[in-house]
Amino acid sequence: MKITQNNINDLQAELKVVITPEDYQDKVDKVLKDYRKNAEIPGFRKGKVPMSVINKKYRIPVLVDEVNKLLQEDLYKYISSEKVKVLGSPMPKNGQKMDWENSTTFNFEFEVGLAPDLDVKITKKDKVKYYQIQADNKLVDNYANDIAKRYGAMSKPEISEEGDLVFCEISQIDVDGNIMENGVRNEATVSMDFISDKKIKKQFIGVKEGDSFTVNVLKAFSNHTDLSSMLNITHEQLHDLSSEDFQFTVKNVSRIKPSEMNQELFEKVYGKDSVKTEKEFKVRIKDEAERSFVPESDRMLKNDVVTYLIDKIKFDMPDEFLKRWLVHTSEKSVTLDQIESEYDMYSKSLRWQLIENNILENYNIKVSDEEVENHTKSLITMQMQQYGQPVPQEDKMNEIVASILKKEDERKKVYDQLYDVKSLEVYKENFKLTEKAISYDDFVKLASEK
């Protein structure tokens, strides 16, 4: 097989492939002989069918199959050995027709997009902000109150007050206020803290067992994931409801009396003699909260680095080829106009891939199999501890790790996590980071705007 490359320009090339009988004949003959051994054709004993009959019936499809296999294998071998930096994959040129019946030598032509040469260097002239999320007094107080509730005492009052939990039978009703025979029904606990409509929230205050009232559930609960769970239906079913009005019938009321901010609570949360005052308690909460926010700050940094480098590093790409290649390789039937409308997003994603790959190469960022296995072990250990289960012994742990990493998507997920950690270290070391203190609420607002 002969493959030649002709560069049209810096970003596009043609690959010409010539396949001769010497490349495929032995493979075709072997397949046809195997066919002969197993062929069952009326008028002939099994294994005794003349080769002329086998050739007439099977030669062309076998030839096409074997030539295409060779073509794919050798094309990618050539790309790998010659270090051709392709974007996408080789795309057959239009208008090629093979005379499989009469030809013995086959000529193929492909278009390929070429990746631009990059050399990404990060210096202290490259500046990005690093947001240090701070837990303000309001957030710390909320966290402290949540902890106090978690360790508080539960009671069953007769009449509900604001903040209580109201366990209800929930039934869908029709326009006349009657319970629908085949409507949605469920029993669930309603937390007043999650009712977004103030007027509807008042309906749950001052109620007792047996009281009933009507609620428009889509108006009352803005979090549709929680609402779907409350009604025990899917998200899709929620938005296909024939009626949004439901009858809530109170079955019982629960009230949590928060634990007092005293030594007993402090020891339950942090252990004996770890915290001695409410001030120390809240300092611990603040410290834990701010440490828990670091991954969010890191994610924002990564997003800002991506935006910064895409804007800074300008390079051309074979856009027209890539658009046609996307049409050619799409699993669904798409037009060039459809690709055009989404190409900017695809282009940015591909640009970042090229930049990131160059960074991995320039800064020698690598992940070893041993690191992947150790990281997987640490993930398993954390999960076991989270659910209060014992960490497996070494042999069992190795067995679980091997089982997980056998799955290609799971293995890739672990590799990506480690590459993210290592590349983040490179960004923190090489960029000039301007640290900026920000409250959690302001950070969430900033993140939503970006």
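Residues are numbered from 1 along each chain as its sequence is written, and side-chain values use heavy atoms, with hydrogens and water left out. Because the model is predicted, local features need pLDDT of at least 70 and side-chain atom pairs count only at pLDDT 80 or more, while totals for chains, interfaces and linings use all residues.

Student: In the open sheet of 4 strands, what is the strand order?
Tutor: Strands (E, at least two residues) and helices (H or I, at least four) are DSSP runs numbered from the N terminus. Two strands pair if DSSP finds at least two bridges between them. In this sheet the pairing is antiparallel, and the order is β1-β2-β4-β3.

Student: Why is one side of β1 and of β3 left without a neighbour in the sheet?
Tutor: β1 (2-9) and β3 stand at the edges, so one side of each has no neighbour in the sheet. What each of them has is a single partner strand.

Student: What angle does the direction of α10 make with that of β3?
Tutor: Axes are lines fitted to C-alpha atoms, for helices over the stretch in contact, and angles run from 0 to 180 degrees between N-to-C directions. Helix α10 packs on the sheet and touches β2, β3 and β4, where contact means heavy atoms within 4.5 Å. Its direction and that of β3 make an angle of about 65°.

Student: Is the ring pair of Phe 204 and Phe 213 stacked or edge-to-face?
Tutor: Rings of Phe, Tyr and Trp (its six-membered ring) pair if their centres lie within 6.5 Å; planes under 30 degrees apart count as stacked, over 60 as edge-to-face and the rest as tilted. Here the centres are 4.9 Å apart and the planes stand at 85°. Phe 204 is buried at 0% relative accessibility, and Phe 213 is buried at 12%. With that plane angle, the pair of Phe 204 and Phe 213 is edge-to-face.

Student: Is Tyr 346 buried or partly exposed?
Tutor: Tyr 343 and Tyr 346 both lie in helix α11, 3 residues apart. Tyr 343 has a relative accessible area of 6% and is buried. Tyr 346 has 26% relative accessibility, so it counts as partly exposed.

Student: Which residue has its charged end over the ring of Tyr 343?
Tutor: A charge sits over a ring if NZ of Lys or CZ of Arg is within 6 Å of the ring centre and within 35 degrees of the ring normal. For Tyr 343, the charged end sits 5.1 Å from the ring centre, and the residue is Lys 323.

Student: Is Asp 126 buried or exposed?
Tutor: Asp 126 is found in the loop between β4 (106-114) and β5 (127-134). Leaving aside neighbours within four places in sequence, Asp 126 is in contact with residues including Lys 121, Lys 312 and Lys 432. Since its relative accessibility is 2%, Asp 126 counts as buried.

Methods:
Buried < 20%, exposed > 50% of the residue type's maximum accessible area, 1.4 Å probe, protein only.
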